[in-house]
Amino acid sequence: WDCVNMSVAKAVIGGGLAAAVYFYAPSELDADAVVRTVKPFCYGMALFCGGIAAIAAVGTLVLGSMYGSLIEGNTFKIDEYVHQQPSMAQRAQVVLLNRLNVGSHVANKSASIALEDAESPFVPSLRVTSKAGSRAGATGFKAPAEAIVVGTIRMGFGHHRIAYAATSWALGAGRPTYFHDLLNVDSPEAQLIIDMDKLYSKGSRMATELGGPVEKLWGMITKNGDENSLRVFYQMAEHLRPLMQAIPRSTPIIATHCFVGMLAVSLGFKHVINLVIDNYAQWFIVVPGAYNLVQGPSNYHNLLRMGVPADRLPPPRPPLPRRLSRRLSRRL
């Protein structure tokens, strides 16, 4: 977004210089053939650049004015959490990116999708949830009071790996444990996640294939995890509420994807732990209102410097499976 603002600024400056050349060129140079050729071009460039700048300014004002209605009704106030009121350009960016993420989808915050669960074919005693009626032999989801839900998304690298590590501790403690992959709940909301992941994957492939400046630009975009990235991600989570609406609010949620944690917070779950999978400190990997458990000291201290509340940032520890952790402890 900063690149866009810089481009607009360059367009305005360039247009102004071109206009100055045209209107304020010394009269004694009027007879020069070069000047006669250049001046019409400069005049056209001035109009073009000025028009682009005007369109960008109007678009920013229009989109930015929609920000208030977009976040109205959100459970969590992200602006207060990051201690920053967004500028008009930042507001416009959130509105635009939210539109790209959700399209014409309208958030139905009270809708609930019925769930079912069945025993995992990979981990004994672990129950795997899915949309009701989608799996043979599954029973209706009725989590007991002592249950723990480990929420994840089948996306990218590592989310399932860390989720299975988390379930090993819950099962080892004798707690009924449910593996809740949001993509197992076939629905328009799950499709939003799939479409966003496809868009990101396509952008990554194109950047890698084209290389050079394009790859560098893509890297700048994906690593620019500022406060606005958290606003955009949380706004997306508000659209996903039906995917976890059927889970009792007293159930502890362990999230291995930020969407799961943000979704749980937006629904009012009080016991949410976000296992931060990324070791590069950015705002969108943080789940406001949850305990954010990082893997190493570098990420821990960087998130503290960013302003993540210390009481919601426990000391770091790697998310190892219970059996591996016990073996290492015995050897040490």
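At a relative accessibility of 26%, Lys 109 counts as partly exposed, the classes being buried under 20% relative accessible area, exposed over 50% and partly exposed in between (1.4 Å probe, protein chains only). The model is predicted, so that local features need pLDDT of at least 70 and side-chain atom pairs count only at pLDDT 80 or more, whereas totals for chains, interfaces and linings use all residues. Residues are numbered from 1 along each chain as its sequence is written, and side-chain values use heavy atoms, with hydrogens and water left out.

The side chain of Lys 109 meets that of Glu 238 in a salt bridge of 3.1 Å, N to O, a salt bridge being a side-chain nitrogen of Lys or Arg within 4 Å of a carboxyl oxygen of Asp or Glu. Glu 238 is buried, with a relative accessible area of 1%, and also forms a salt bridge with Arg 241, the closest N and O atoms being 3.5 Å apart; Lys 109, Glu 238 and Arg 241 are thus linked in a network of salt bridges. Arg 241, at 12% relative accessibility, counts as buried. A search of the whole structure finds five salt bridges, among them that between Arg 127 and Asp 117, with the closest N and O atoms 2.8 Å apart.

Leu 243 touches residues including Ile 113, Leu 182 and Leu 263, where contact means heavy atoms within 4.5 Å.

Conventions:
Lists of a residue's contacts leave out its neighbours within four places in sequence.
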